[in-house]
Number of protein chains: 2
Amino acid sequence: MADQAHEPVMDGLMQPRPLTIAHILERAERLYAHKPVAVAGTERVTYADVARHTRRLATVLDRLHVPVGARVATFASNNRRHLELYLAVPVTKRVLHTINIRLASEHLEYIVNHAEDDVVFVDRGLLPRIWPSADRMPRVRHWVVLPDDSDTPIPADPRILHYDELLAGAEPFAGSFEDTFTLADEQLASGLCYTSGTTGRPKGVLYSHRSTVLHCLGALAAGFIGLGESDVVMPIVPFFHANAWGLPYGAMMAGASLVLPGPSAKPAHLLRLMESERVTVAGAVPTVWTSMADELSAYDLSATRFLLGGGSAVPPALSETYRTAVGIPITHSWGMTEVSPVGTIGGTRTQHRAATEDEQVAVRAAQGQPLPLVNVRVVDVGTGRELPRDGHTVGELQVSGPWVASGYFQVGEDDSFTDDGWLRTGDLATIDSDGYLRLVDRIKDLIKSGGEWISSVELEAAIASHPDVVEVAVIARPDPRWTERPVAYVVLRDGSAGTAEDLLRHIRPMVAKWWLPDDIVFMTALPKTGTGKLSKSSLRESLHIS
Amino acid sequence: MADQAHEPVMDGLMQPRPLTIAHILERAERLYAHKPVAVAGTERVTYADVARHTRRLATVLDRLHVPVGARVATFASNNRRHLELYLAVPVTKRVLHTINIRLASEHLEYIVNHAEDDVVFVDRGLLPRIWPSADRMPRVRHWVVLPDDSDTPIPADPRILHYDELLAGAEPFAGSFEDTFTLADEQLASGLCYTSGTTGRPKGVLYSHRSTVLHCLGALAAGFIGLGESDVVMPIVPFFHANAWGLPYGAMMAGASLVLPGPSAKPAHLLRLMESERVTVAGAVPTVWTSMADELSAYDLSATRFLLGGGSAVPPALSETYRTAVGIPITHSWGMTEVSPVGTIGGTRTQHRAATEDEQVAVRAAQGQPLPLVNVRVVDVGTGRELPRDGHTVGELQVSGPWVASGYFQVGEDDSFTDDGWLRTGDLATIDSDGYLRLVDRIKDLIKSGGEWISSVELEAAIASHPDVVEVAVIARPDPRWTERPVAYVVLRDGSAGTAEDLLRHIRPMVAKWWLPDDIVFMTALPKTGTGKLSKSSLRESLHIS
């Protein structure tokens with residue numbers, strides 16, 4: 001070899017522009033000022049209006065002397081003022097802490113105190129759920145009330161301020177928020193969201209501007225959610241539920257219209273909005289899709305192009321109901337609060353074009369492929385060794401990527417993370433040779449029977465495919481002989497005369513004989529977590545199974 | 001105000017995962033190994049094959065003792081081995097220098113020496129264009145010949161090596177390239193591309209892994225190019241022309257199939273490939289689209305969903321020809337080598353849905369909106385003050401964003417950049433209130449007549465709308481009375497009997513009377529730059545106008 005002089009490694013010569021939420025805001029101002037934000041069927045503004053309010057809100061936060069880096073909490077429905085908080089808080093380098101409005105007061109107080117929230121913005125109608133805890137949240141200096149349609153009494157208390165009054169009295173910030181960020185600032189915390197804490201204390205996930213913008217670009221990628229300017233996007237999933245899956249920021253970056261449902265989650269209200277606003281993309285948890293399923297035929301949802309389901313497994317039968325009635329199946333997404341939250345998007349790909357109808361249903365029941373920049377792997381729970389991507393070897397799902405958590409807020413070492421910095425998800429999954437992810441179960445929801453594993457998810461899907469079944473949860477009951485045995489809790493359609501024997505007959509061809517539940521218990525409703533997911537832990541507690 | 005204790009600003013707690021081309025490669029291995037790469041109608045491989053070769057090529061670069069950070073040049077057509085170089089060079093932290101194969105030897109030697117290329121990979125059929133310069137490129141240690149269909153003689157010279165032989169003798173790298181990058185490494189240089197240098201010395205733009213990946217995500221964004229898994233992407237634009245507009249990396253990240261045309265740019269060859277491979281997205285410069293326009297009716301292009309045109313203005317008449325024949329207009333993109341290259345994408349948006357057919361044609365003639373993360377502004381050429389976004393105030397277009405150059409390789413201060421770090425483009429443009437960009441002209445191509453400006457671009461578009469006109473260029477001729485006057489150089493369709501008077505009669509209703517060219521000169525072909533753009537500088541030189 002001739003000349004081998006050492007060459008220094010060198011950086012590219014590209015502009016050091018940071019990835020920031022400020023860009024999302026100011027891009028919407030420059031390009032999409034005219035696009036509408038429709039709220040609850042009662043309010044219609046544009047991104048220009050939202051941006052104008054946001055610029056006043058930025059001044060308000062300064063006037064309230066909210067320090068840079070401080071947590072600003074929201075306790076609110078999906079409404080216009082909440083969207084303004086989504087913007088004004090992070091673009092002024094504070095941290096948006098979205099609180100789940102369905103939390104029990106004990107969790108609520110823990111979270112607000114742990115986050116050290118400086119100010120809480122709360123929907124007027126939601127005051128009764130949080131104000132009684134105010135005295136046990138001593139770090140909160142101000143409570144700012146967001147007006148809504150309610151006439152809930154507002155306590156006379158010096159800590160209470162009024163959103164619209166504050167904004168009316170503030171000058172809008174006239175400069176460029178984008179220009180206040182350096183490249184290093186893209187790492188700044190922008191948002192905070194606590195996990196639902198079905199096990200142990202809730203833990204806070206601290207997003208950065210960089211992670212948020214990259215997640216947003218993932219939401220725009222064609223073939224995944226593919227948010228575009230021609231979309232009309234309706235986040236039914238609450239703003240406090242893992243950033244509403246990135247839909248609010250994603251819609252603004254794409255220039256899509258936004259439809260916000262407001263406080264009501266009534267099926268008729270949601271469907272009416274989808275019809276009247278010609279919604280193209282909507283996202284909700286399976287229990288909400290289930291609640292809407294019976295009324296689909298009364299509405300014209302022909303504008304729809306994408307229905308997103310996540311938070312828990314979407315039963316294939318539910319997805320098929322939508323495919324039949326609306327023409328569009330529910331596309332599965334796998335995500336977690338720790339994953340910003342979207343990790344994978346399901347649906348068929350070109351390799352499934354020749355598949356039979358049944359095979360396509362099976363593909364759609366899987367969680368799909370990771371978004372660009374996200375990596376997934378399955379590992380042996382015992383050894384941590386990576387397992388083959390063969391579509392059948394089950395292991396713990398682990399995930400890495402620039403929008404995946406590396407730790408929890410104000411928590412030291414945590415065994416949720418591997419030595420090489422991947423997140424342990426607690427989900428059991430297979431990955432096939434095309435990188436297709438299929439969740440099998442939560443590790444803790446798997447049922448160990450006679451030394452073999454029974455998947456509660458597969459058993460639930462089989463039971464849910466019975467036409468009379470509205471909801472189902474399968475959990476493990478301790479068993480002296482088999483270690484554990486499955487028990488199914490089922491909600492039947494009103495007026496159904498279905499029996500346990502009917503259900504067993506229905507699922508017998510679908511599962512191994514030893515998977516058949518030992519008991520089927522009929523209930524009028526299943527317990528839910530604050531985000532509307534089935535709460536197996538509540539079920540276990542109420543049945544004295546821990 | 002109560003407690004105002006200082007809060008430290010804090011970073012988010014997200015995984016420090018870098019944005020790297022290694023992710024693009026390994027994502028394709030994990031998710032899209034089965035997807036095809038079709039080359040020139042003669043070769044068909046998969047991404048798995050490409051990745052396997054890439055892993056051997058990585059070892060080859062080590063064995064050749066190519067230092068990390070060294071420039072590895074390519075002098076090649078759009079072919080499979082060139083794609084492997086696109087991957088292996090940057091994922092091993094070398095810098096891919098793509099050389100324009102149409103450069104004159106003087107420019108070629110300047111560029112290779114300025115880049116200090118360590119190795120040059122060259123298509124066998126292109127050896128005659130560069131080997132004669134080898135002795136004047138003393139830093140190049142190795143010349144590696146890429147086999148092609150040609151039987152061009154290969155000189156007997158110890159510097160010459162053979163691509164396939166090198167790969168056959170190398171073990172594939174078995175590890176994860178992605179894992180070799182730290183967060184800081186995303187800033188590493190990954191590619192180098194010289195501007196065409198129509199004025200002054202060619203200058204090198206040094207891309208980073210970060211800029212390349214972000215540009216890729218921009219290419220995936222729905223509503224822009226929107227590359228997705230179901231696409232079949234054909235970069236007709238050469239790999240050496242500003243990264244083939246991001247299409248190769250973009251297609252791989254999206255999991256789209258790739259179709260590479262190989263060395264031939266014959267219209268029939270390109271159209272046959274588009275038909276047989278069911279191409280959905282193709283990108284080419286307007287002169288290439290023009291060359292194909294006459295033969296469209298002989299091919300089934302029904303799979304097409306997006307035709308991308310850039311590099312110079314796409315005449316509306318040309319776009320309409322495609323819209324009539326293929327059903328898809330040519331979508332305008334504005335970009336530059338310094339912008340990676342894509343800055344904006346044209347086409348209609350929701351606000352144009354109610355527009356008349358003619359109005360939509362006018363919208364499609366504009367350059368459109370900037371991609372996410374890109375900012376554009378127009379400034380007064382004299383004062384540098386930003387001008388209003390009113391759709392009619394003309395100023396110099398400036399651009400910023402994470403995939404826009406901040407300087408040139410081995411060049412000191414350069415007046416191409418403003419004090420606040422934006423790139424001066426040399427283009428004159430308007431921006432409207434929806435952020436819609438419309439190029440008026442290159443600053444140097446504007447014609448100053450009687451104290452007023454005449455846009456050569458608009459005049460060219462008017463002339464090009466005549467059915468007999470194949471190509472047109474308008475340049476300024478010095479004029480003692482008016483300072484400058486327009487002269488049009490026109491190529492007519494074979495067999496046309498069109499006269500200057502016909503053309504003047506055709507454009508008279510479209511432009512102001514004083515815009516009418518003083519002369520119309522008929523030619524059999526117009527001079528082109530190395531990238532196939534009309535070369536007005538050559539035209540000026542050949543006509544002794546400087």
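## Domains of chain A

The C-alpha centres of domain 1 and domain 2 of chain A lie 40 Å apart, where domain 1 covers 17–34 + 44–222 and domain 2 covers 447–542, with bounds from an automatic or database domain assignment. This is a predicted model, in which local features need pLDDT of at least 70 and side-chain atom pairs count only at pLDDT 80 or more, while totals for chains, interfaces and linings use all residues. Residues are numbered from 1 along each chain as its sequence is written, chains are lettered from A in the order in which they are written, and side-chain values use heavy atoms, with hydrogens and water left out.

Ser257(A) belongs to strand S11, residues 257–260 of chain A (strands being DSSP runs of E, at least two residues). Its relative accessible area is 9%, so Ser257(A) counts as buried (under 20% relative accessible area, 1.4 Å probe, protein chains only). Leaving aside residues up to four places away in sequence, Ser257(A) touches Lys35(A), Pro36(A), Tyr47(A), Asp231(A), Val232(A) and Val233(A), contact meaning heavy atoms within 4.5 Å.

## The interface of chain A and chain B

In chain A, 92 residues are in contact with 92 residues of chain B. The two chains bury about 7200 Å² between them, 57% of it on carbon and sulfur atoms (accessible area, 1.4 Å probe, lost on being put together and summed over both).

The rule finds 2 salt bridges across this interface (a side-chain nitrogen of Lys or Arg within 4 Å of a carboxyl oxygen of Asp or Glu). Glu186(B) forms a salt bridge with Arg210(A), with the closest N and O atoms 2.8 Å apart.

Technical notes: Helix = DSSP H or I, 4+ residues; strand = E, 2+ residues; numbered from the N terminus. Buried < 20%, exposed > 50% of the residue type's maximum accessible area, 1.4 Å probe, protein only.
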